[in-house]
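Here is a short tour for anyone who likes to check the details in a viewer. Please keep the model open as you read.

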Amino acid sequence: MSFLNRSATTSAAAANDLSKDITLSSPPEDSISSLSWSSAANILAVSSWDNKVRIYDVTRNQTGNGLAAIDFDGPALACGWSKDGKKAVGGGADKTAKLLDMGAAGSPAQQVAAHDAPIRSIKFFQPTNSNSEMLITGSWDKTVKYWDLRSPAAVATLQCKDKVYSMDVKDTLLVIATAELHTHLVDLNNPAQFFDTRPSPLKSQTRVVTCFNDGSAYATGSIEGRCGVQYVTKKDAPRNFAFRCHRSNPDSKSNVNVYSVNAISVHPIHNTFSTAGSDGSFHFWDKDAKNRLKGFTDVGGPISATAFNRDGTIFAYAVSYDWSKGHAFNTPQHVNKVMLHPVSTDECKPKVVTSRR
């Protein structure tokens with residue numbers, strides 16, 4: 001299906017809105033794989049294929065000041081933050097995860113996890129009845145591992161059906177998307193087992209999975225210009241739906257151009273969500289009303305990653321090569337930049353629907 005109630009935003013209006021977007025200074029030198037904001041302040045972690053996770057402070061300077069970096073022996077594929085927003089973490093193709101304590105007075109990052117293949121996803125969660133956070137890593141070795149940062153060995157391992165492509169956590173819900181269109185669901189009150197394994201609602205390879213704020217549903221994006229919203233409980237299954245997005249049809253006589261949905265982010269206040277893709281556009285959506293709130297086109301290249309800051313006033317998006325056309329198309333002409341989009345009051349807020357009498 002397509003969303004029926006689409007915004008009437010014109011290309012000219014969207015371009016004007018983008019004119020206020022700010023370019024982060026000193027960007028990565030290769031493709032950007034992930035973005036993640038601290039919950040403590042407007043501090044952004046950026047992982048990239050130049051083997052680094054960079055940390056930028058945009059609290060005082062809109063274009064950002066570089067605070068620190070975590071170095072890897074291969075491309076950095078994921079980044080994140082502890083719940084208190086004081087520890088940055090990254091995972092890489094060198095099969096390791098490293099943690100940097102931002103309050104440790106310049107101490108170097110420490111290795112905190114390892115896999116038998118590249119680490120693609122990394123998240124923190126707070127176990128029930130525990131004061132210590134744990135780290136979750138998802139890898140192309142087909143496992144998800146839990147790490148107590150006080151111990152060098154994984155405390156538990158989940159064997160997934162295939163390579164982990166994307167993973168997200170919200171409260172006690174862990175959603176794992178793998179190759180071959182599998183999705184595993186985990187209740188983190190019982191983290192050592194899946195409580196459900198279900199097929200992706202989409203027909204093509206999964207690129208991203210993201211949980212909604214209340215943990216009742218999650219959104220999945222695929223390489224074939226589709227997004228699916230799935231509810232966790234079976235009683236809510238009739239509310240599941242999928243829709244087409246990130247497609248273009250230059251004229252009625254041409255084939256439709258289909259692009260990958262590379263990133264999905266959920267607004268921390270309104271529980272609306274964004275999609276961004278290899279077509280160089282991003283859009284804000286309301287899953288409950290099933291409509292598009294606003295769309296922005298042609299940012300100058302594929303969008304590889306996105307993230308809202310802690311109060312939803314800044315939407316960060318990375319413009320860089322997304323590998324959708326393979327290694328041969330990663331040329332020096334591709335731009336690598338992180339943009340900060342000021343979110344206006346109504347861009348992500350659900351529209352009030354008034355009924356006719």
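Strands β24 (residues 261-266) and β25 (residues 273-277) run antiparallel and are joined by 5 bridges. Strands here are DSSP runs of E with at least two residues, numbered from the N terminus, and two strands pair if DSSP finds at least two bridges between them. The hairpin leaves 6 residues between the strands, and N271 takes a positive phi near 65°.

Buried means under 20% relative accessible area, exposed over 50%, and partly exposed in between, using a 1.4 Å probe and protein chains only.

## How to read this model

This is a predicted model, in which local features need a pLDDT of at least 70 and side-chain atom pairs count only at pLDDT 80 or more, while totals for chains, interfaces and linings use all residues. Residues are numbered from 1 along each chain as its sequence is written, and side-chain values use heavy atoms, with hydrogens and water left out.

The pLDDT, the predictor's confidence in each residue from 0 to 100, averages 92 over the protein, and 94% of the residues score at least 70. Over residues 7-11 the pLDDT is below 50, and this stretch has 7 contacts in the model beyond near neighbours in sequence. A contact means heavy atoms within 4.5 Å. Where pLDDT is low, the predicted coordinates should not be read in detail.

## A four-stranded open sheet

Now to the open sheet of 4 strands, ordered β6-β7-β8-β9 with antiparallel pairing. Strands β6 (76-81) and β9 (110-114) stand at the edges with a single partner strand each, so one side of each has no neighbour in the sheet. From one strand to the next, the twist averages 25°; such angles run from 0 to 180 degrees between N-to-C directions, with axes fitted to C-alpha atoms (for helices, over the stretch in contact).

Going across the sheet, β6 pairs with β7 (residues 87-92) over 5 antiparallel bridges, and A76 stands opposite G92 in β7. Another 5 bridges join β7 to β8 in the antiparallel sense, with K87 opposite D101 in β8. The β7-β8 hairpin has 3 residues between its strands, and K95 in the turn has a positive phi of about 75°. Strand β8 (residues 96-101) has 5 of its 6 residues buried, so it is largely enclosed by the rest of the structure. On to β9, which pairs with β8 over 4 antiparallel bridges, K98 standing opposite Q111.

## R54 in strand β4

R54 lies in strand β4 (residues 52-57) and counts as buried at 13% relative accessibility. Which side chain does the side chain of R54 make a polar contact with? Its partner is the side chain of D50, at 2.8 Å. A polar contact is a pair of N or O atoms within 3.5 Å; within protein, one must be able to donate a hydrogen and the other to accept it, and residues adjacent in sequence count only if both atoms are side-chain atoms. Leaving out residues up to four places away in sequence, R54 touches several others, including S26, P27, E29, L44 and A69.

With a disulfide taken as a pair of cysteine sulfur atoms within 2.5 Å, the count is 0. C245 is in no disulfide either, the nearest cysteine sulfur, that of C227, being 5.5 Å away. Both C79, at a relative accessible area of 5%, and C245, at 4%, are buried.
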